[in-house]
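Have a go at each one before reading the solution.

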Amino acid sequence: MTSFCLFLCFQGDYVWLDHKTGREFDVPVGAVVKLCDSGQIQVLDDEGQEHWIFPQNATNIKPMHPTSIHGVQDMIRLGDLNEAGILRNLLIRYNEHVIYTYTGSILVAVNPYQLLPIYTADHIRLYTNKKIGEMPPHIFAIADNCYFNMQRNNKDQCCIISGESGAGKTESTKLILQFLAAISGQHSWIEQQVLEATPILEAFGNAKTIRNDNSSRFGKYIDIHFNKRGAIEGAKIEQYLLEKSRVCRQAPDERNYHVFYCMLKGMAPEMKAKLGLGLATDYSYLTMGNCTECDGRNDLREYSSILSAMKVLMFTETEIWEISKLLAAILHMGNLRFEARTYDNLDACVVVRSPDLVTAASLMEVEPKDVMVCLTTRTLITRGESVTTPLSMNQGLDVRDAFVKGIYGRLFVWIVDKINAAIYRPPSCESSLIRRSMGLLDIFGFENFFVNSFEQLCINFANENLQQFFVRHVFKLEQKEYNLEDISWQHIEFTDNQDALDMIANKPMNIISLIDEESKFPKGTDATMLYKLNSQHKLNCNYIPPKNSYETQFGIQHFAGVVHYESRGFLEKNRDSLHTDIIQLVHSSRNKFIKQIFQADVAMGVETRKRSPTLSSQFKRSLEMLMRTLSVCQPFFVRCIKPNELKKPMLFDRELCIRQLRYSGMMETIRIRRAGYPIRYSFAEFVDRYRVLMPGIKPSHLQEDLRGTCQQILTARLGKHEDWQIGKTKIFLKDQHDMQLEIDRDKAITNKVILIQKSVRGLQARKNFLRLRSAVTVLQKAWRGYQCRKKYRIMKTGFLRLQAVCRSRKYYRSYRKTRLRVTLLQARCRGFLVRQAFARHLRAVLTIQAYTRGMIGRRLCQRLRAELQRRLQAERQRLAEEEQLRNQMTMRRAKAEAERKHQERLVQLAQQQEEREREVKEEARKKKELLEQMEREKDQPVDHSDMVDRMFGFLGDSGPLPNQDGQAPTGFEDLERSACAEEEEVLGEGLRLPEEEEEDLSQFKFSKFAATYFQGVSTHTYIRRALKQPLLFHEDEGDQLAALAVWITVLRFMGDLPEPKCQLVINDGSEKIPVMTKIYETLGKRTYKRELQELQVEEEVRWPDVQKRNSVRHKLVSLTLKRKSKITEEVARRLTEGGDYALQGNSMLEERPTSNLEKLHFIIGNGILRPTLRCVTFTSLKETLEI
Ligand SMILES: Nc1ncnc2c1ncn2[C@@H]1O[C@H](COP(=O)(O)OP(=O)(O)O)[C@@H](O)[C@H]1O
Ligand SMILES: [Mg+2]
């Protein structure tokens, strides 16, 4: 913050920056404070430039009124109601593409130089029947107010559109016309005609200038007439001051009137040929500005629109053709060449004979010779005598140009009249009372060029008039308002431009009349005129006389500034009359049209023509008429502003704009306002705006005594005796008071804003906090839920596990208990069983023991008996011998001898006994050894094959060598012997073992089964032959073959079929593959039929007839066990030769002899793996075993 002596300024504040350059059109520029640092201020102005303000230049900046910061719609509201304020307001709005702004009832329109989307049908609808100020400023709002005021107040309206060339007057006029046509009518013919007048007027009255591609070179006032219902009924166009000189001369880069270029571009070639026309570049009148084309305009298209507009406005074909003829004649005239000559020491000239001359003359239907004479000589009539004098070349050229201008000017007037004839309906008596009109004045604004000629004087004079009208209107409005509001305004004074107007045209000896007078005076020249002006007006403060007698310029202080006029050429221009010769020439023409447009001139006599009104008097008269018309109208003002000279959008030239603002006279409004109370508020507005200054004041709509409240505020804030006034509905304030109120309001609002901000921030923070809190709660809820669920799940799992553990323990315990019990029971049972078994065993053992002991006992007994027998026999023998010997010897001796012999025999017997015992011992020892050996062999690997062979050795011809008696297998030798021994030995009867209960199987007789199921002739009796077909029916080929193979194997196992004779050693390793594996492999391939058939076919082809059967068999062989062995040809042959056994279908059985184990495996394996074969296997076995 920096404090200056004048005011405090903060960063971001808006200020006015006055560079104080002293230039005429320099006004303070708006700026924003960027930095406040140690007494210096950095500001950024509206143009985007930065400036440092030092304390010594502190007066260069002033605070900006708040209303100026962001712009207002009505500039009357600006606190800074000055040029700078208005300029900035226009600038900031223009930068936002807002081109319209009000200043009271005046509409300021800044030319956007681009098409803005603000003229649509929607906009027309939006602005219809709205009060000014109700909607944003717009040209339509003005048009709408004009129209509705007219209807409401039953009063004629006018709309004065002014501004520099190119500021947008004509466009605004057209927009208003469009709006009126849209809201008033029903697209009637007359409406269309009124609208179509514009293109014709523009074609003949507009041209491309450096400022405007479609610059109107005349002023116009269109008076539109409305009927009672508000529909367009007609119109009248008034034209002012067409710039005729343009026909002959154009500044660089400018063009002649559009119509010439359009005609040359758009006219049909044959018509052009008739008129002798070529290209625009062929005509010197069209090429002076070196510009025949205009960007953005299409001359060809324009021409057709001109023609169609002419047709709408009732131009006949002949008229159009006649117009074209005259235009062509003008162009040809322009191409005439003059040559300077001297006759009798007099400068003279001749027109070079050329096709142009002939064509021009023929188009005007005059003699070329007459044209030549007319352009090179002048006839003067003095005292009844006519004298012809030659003209110099320059004079000749001037005459030609004057003629051409005369033609064009009159043509233009004729066209306007023609248009009026079409669109103007003179009011009938009663309709004049109810008919209302609305005038649109599209007139050139105040002009101040480097060199200003007579036309500028006329234009500025017109603007001076309009300005006065404007000022009076504004002041009148002000007065009206003060009166209405009961405000004392007597002390408010204002000055208008009456003095200047008086000097130019009103008071006797005014400038216009002096010029006029001098124009009519035969000897009058521009110099005499200037002299008279000087002498008459040099004391007038609005007149600025030339600085010296050589100076030809005089100045006039206009409302918008001083303009210096170049007096040379004034009189000539003012006279604006054609020479008699030319009128004569026209008179001689056979062309009715040219005669018609010159009608007035031709009709006038020579003398009357001399006294014919000058241009200025004509203009003054029409202006007076216009002002009269305007004065009875309710006026609206549109001030068009051109933002730059380059016709570029978004470019704002401050100096150019401020100049136009000054010329527009808008400052007068401001001045008038300033003289009184420039700031006004309605009570409601005031209360609403300033109620913040006093606590406790309610808004306006809740107030009962608004006036009282306003007074209360004003008294409190400004003091009772200050210069402010309260009207009936409004408050009137001076600038400084408003400023004071604004500053106070600003402070108060700032405080309130801070309060509101505080509360809002608090509210927001609270809201935010609550939102956060609820969010947090939600989060927490979710999180806690999640946590709890997680814990619960863990706990649940834990409990489940606990339950499981408990249950398992319980079960374990009960299991253990049960087990224990079961074990105990088992133990008991086992014990019981064991005991039972033991008892049984014991019994058995005892029995065995008993039997064995019995047997031993019997054996011992037998032995003892035999011993006894032998001993008895020996005794008997001794006795016999004793007897015998007694005969021979003494008794005693015989006895001794017999005894001795008996003893010898006893010894022998004892020896025999001993011998026998030793044998028995030996045998026992052998048995023991054998047992031990068996015991040892038990741990040795068993040769199953041998075992089987041994086991089934009893079948006789089985075994490695079939049909040979085998020996009892090792370990079973004793069986035979013991069986034999048992047969020999009578061991007596042992204990009978309990008989097993037998099932009654009588119903399930095998014979019965065989009779039912066996195929063919097979019976339940065993046949020792190979079968032709399986016993049972099998669907599967494999099963059939397997069944046959099984049967053959059974036969072989039983020894009823011989083993294959040929013992081939096929070392393909397949022998090592267990039989089971082979059987297993054949499974899955349940049917080989297709394969088989294929094979058969194949074989048939290869081995016709003979080998057919064999190949099938071969296949059967290989398919049965799927043995893809390398069967040699021999095997194949053998197979094909095979007799009864040939259909064995098993290579295993065919190729080589197999062991019993293999056979057994094969039989049982098939039984296991082929469920359908189980029956067969069983049947085969059963049949076999039944034998
Ligand atoms: N309201 C507008 N919107 C768009 N362009 C405009 C507008 N007013 C004027 N212009 C442009 O400015 C040019 C000059 O306008 P014009 O009305 O002919 O100026 P003036 O009649 O004041 O000499 C137009 O040709 C047009 O390009
Ligand atoms: Mg214009």
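**Exercise 1.** Find which residues are closest to ligand 1.

*Solution.* Start with the shell: 17 residues surround ligand 1, where near means that a heavy atom of the residue lies within 4 Å of the molecule. The closest are Asn 111, Gly 166, Lys 169, Thr 170 and Glu 171. Next, sort the shell by element: helix 5 (residues 169-184) gives the largest share, 3 residues. Helices here are DSSP runs of H or I with at least four residues, numbered from the N terminus.

This is a predicted model, with pLDDT of at least 70 needed for local features and 80 or more for side-chain atom pairs, while totals for chains, interfaces and linings use all residues. Residues count from 1 along each chain as written, chains are lettered from A and ligands numbered from 1 in written order, and side-chain values use heavy atoms, without hydrogens or water.

**Exercise 2.** Work out how far an oxygen atom of ligand 1 is from a polar backbone atom of Gly 166.

**Exercise 3.** Identify the residue whose side chain meets Glu 171 in a salt bridge.

*Solution.* Lys 174 is the partner, at 3.6 Å, N to O. That passes the cut-off (a Lys or Arg side-chain nitrogen within 4 Å of an Asp or Glu carboxyl oxygen). Then place the pair: both residues lie in helix 5, 3 residues apart, about one turn. The structure holds 54 salt bridges.

Terms used
Polar contact = N/O pair within 3.5 Å; in protein donor to acceptor, adjacent residues only side chain to side chain. Helix = DSSP H or I, 4+ residues; strand = E, 2+ residues; numbered from the N terminus.
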